[in-house]
Amino acid sequence: MDEQFKPLNAAEVFAECEKLWADENARTTVRRLYDEAYAGFHSQVMVLDDDPTGVQTVHDIPVVTDWKEDTLTDAMREDGIFFVLTNSRSFSAEKTEAAHREIAENACRAAVKAGKTLTVISRGDSTLRGHYPLETETLRRALEENGHPAFAGEVLCPFFREGGRFTLNGVHYVKEGDQLTPAAQTEFARDKTFGYHHSYLPEYIEEKSGGRIRADQVIVLSLAELRGLQWQAMEEKLKSAKGYRYIVADALEETDVMALAVVLMRLIRQGRHYMLRSAAAVPKVFGHVEDRPLLSREEMIDVSSPFGGLVIVGSHVKKTTDQLNCLRESSAPLSFLEFDVSGWSREGALTQETKRVTALAEEAMKQGKTAVVYTSRTLIAPEGMNPEKMLEISVNISNALTGVVSSLSFRPRFLIAKGGITSSDVGVKALRVKKALVLGQAAPGIPVWKTGKESLFPGLSYVIFPGNVGGADTLRIIVETLC
């Protein structure tokens with residue numbers, strides 16, 4: 001069980017792993033070989049994002065919010081990587097499977113029309129929550145049935161430096177303070193819908209597959225191999241594996257992901273195709289997206305607006321609650337409005353709460369204050385309720401909460417949404433975005449969309465703040481910057 005893995009001192013781990021590099025020029029070598037591999041990599045990269053936070057490492061990249069064949073065809077006719085927001089983390093398993101089958105079928109037809117070959121990345125949570133391996137299994141079957149070449153295997157790489165998620169020796173860790181805590185020992189593993197018990201990723205895969213995929217059959221590409229520049233050995237390791245094999249990749253920094261990309265891109269060029277399941281780092285690398293500075297205040301606010309801003313907080317993880325409490329200590333002009341979800345089971349109660357809170361939020365914003373609307377911090381989790389029913393309740397509450405945005409009679413100075421499901425509902429349902437441009441990040445791991453012309457507020461800079469990212473003061477810093 002997971003108790004065999006203990007928290008590690010982060011500084012000591014990183015110092016020790018520095019010794020694994022082949023030589024002092026190894027990072028430069030990796031970057032050079034990565035650039036060369038990418039130059040010969042002509043596959044269209046399509047990222048399926050199970051909530052809007054997967055764009056937290058990229059910029060100047062389009063996001064579409066539906067997967068109609070025409071939408072995907074248009075996206076593939078443009079150069080470079082693009083994201084498709086599925087929001088499947090809020091779906092039932094049945095709905096997730098149907099959506100991913102439809103996406104695969106439409107993507108295959110779109111690729112033919114656009115004259116592209118296809119590489120698919122399933123972007124999931126860096127703390128391992130979500131419909132896995134259902135999404136990748138469905139994609140694999142449907143893509144192959146619709147003409148995609150057979151897949152040789154599937155790579156799982158949940159590394160996400162900005163959020164403090166690292167993988168070493170196949171074990172996934174979450175950085176908490178100065179230590180690396182095995183992921184299964186964090187609050188994220190106790191998620192009521194997507195909980196798990198194993199930090200060692202081969203065992204995690206076995207657990208989430210219900211035992212169909214055995215841990216001892218999962219291949220681990222270790223940090224020693226990646227940093228040791230063992231290209232031929234790693235390629236042969238993957239090529240010699242028979243059948244569809246699952247592969248776990250270590251990573252402590254982006255250069256490690258570049259090394260992984262060198263191996264995979266070389267194999268893909270040889271005709272071996274891989275399904276990718278990752279957090280936000282892999283899409284950035286496979287899209288060859290360069291770093292850029294964090295966005296300035298001027299890039300994130302509507303300077304013409306006479307009104308205050310709006311913050312919508314739906315996430316219930318402890319990190320979000322800590323950030324909300326820290327925001328309360330700010331001296332900025334803020335108005336805190338609790339959205340009472342206790343009436344979730346009474347017909348019409350959530351609708352009435354939406355109306356009440358919207359009126360109060362507009363009143364505050366007209367006074368130049370920023371309205372901070374947050375759900376009751378007590379998590380609705382009735383004893384004995386199955387995970388899918390609990391997910392349905394969460395979605396209903398999110399719909400009501402984001403109704404505050406869709407009911408606005410004027411454009412706020414800025415808009416921040418906190419939480420994956422919440423930010424998706426705000427973007428797609430409330431703002432009615434069909435296509436957005438990722439401007440960049442407000443803070444490490446916190447992306448900003450520029451909404452499309454079809455949206456409720458065209459050209460609005462919309463800050464998407466994941467529930468599990470940032471320090472206790474990150475929300476306060478962003479809000480104070482924008483006020």
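**Strand pairing, buried residues and cavities in the predicted model**

Strand 2 (residues 44-49) and strand 5 (residues 118-123) pair in the parallel sense, with six bridges between them. Within the pairing to strand 5, Leu-48 has Ser-122 as its bridge partner. Strand 2 also runs parallel to strand 4 (residues 82-85), to which it is joined by four bridges, and here the bridge partner of Asp-49 is Leu-85 of strand 4.

Strand 2 is mostly covered, since six of its six residues are buried. In a regular strand the side chains alternate between the two faces of the sheet. In strand 2, Gln-44, Met-46 and Leu-48 point one way, whereas Val-45, Val-47 and Asp-49 point the other way, and all of these residues are buried.

The loop between strand 2 and strand 3 (61-64) contains Val-55. This residue has a relative accessible area of 1% and is therefore buried, the cut-off for burial being under 20%. When residues up to four places away in sequence are not counted, Val-55 touches Asp-49, Val-63, Phe-83, Val-438, Gln-441, Pro-447 and Trp-449. Between Val-55 and Asn-9 there are 46 residues of separation in sequence and, from C-alpha to C-alpha, 29 Å in space.

Ser-424 counts as buried because its relative accessibility is 2%. Leaving aside neighbours within four places in sequence, the residues in contact with Ser-424 are Pro-52, Leu-85, Asn-87 and Lys-429. Leu-85, one of these contacts, is also the bridge partner of Asp-49 in strand 4.

In helix 8 (residues 231-239), the buried residues include Trp-231, Met-234, Glu-235 and Leu-238. These residues cover an arc of only 100 degrees around the axis, and they therefore lie on the same side of helix 8. An α-helix has 3.6 residues a turn, so residues three or four places apart point the same way.

In helix 12 (residues 318-327), Thr-320, Thr-321, Gln-323, Leu-324, Cys-326 and Leu-327 are buried. The buried residues of helix 12 pack against strand 13 (310-313), strand 14 (334-339), strand 15 (370-375), strand 16 (415-418) and strand 19 (461-465), as well as against helix 16 (474-482).

Rolling a probe the size of a water molecule over the atoms shows where empty space is left. The model has three cavities of 30 Å³ or more, and the largest cavity holds about 80 Å³ of space. Its lining consists of Gly-124, Asp-125, Leu-128, Arg-129, Gly-130, Tyr-132, Leu-156, Pro-158, Tyr-204, Arg-277, Ser-278 and Ala-279, which divide by class into six nonpolar, three polar and three charged residues. The second largest cavity has a volume of about 50 Å³ and is lined by Thr-57, Phe-159, Arg-161, Glu-162, Glu-254 and Ala-281. By class, the lining of the second largest cavity has two nonpolar residues, one polar residue and three charged residues.

Note on methods
Residues numbered from 1 in each chain as written. Predicted model: local features only at pLDDT ≥ 70, side-chain atom pairs only at ≥ 80, totals over all residues. Heavy atoms only, no water. 1 Å grid on protein atoms, 1.4 Å probe; cavity = no way out; pocket = protein on both sides within 12 Å on 5 of 7 lines; lining within 4 Å. Points joined across faces, edges and corners; volume = space filled by probe spheres on them. Nonpolar A, V, L, I, M, F, W, Y, C, P; charged D, E, K, R; others polar. Buried < 20%, exposed > 50% of the residue type's maximum accessible area, 1.4 Å probe, protein only. Helix = DSSP H or I, 4+ residues; strand = E, 2+ residues; numbered from the N terminus. Arc of directions from axis to C-beta. Pairing = 2+ DSSP bridges. Contact = heavy atoms within 4.5 Å.
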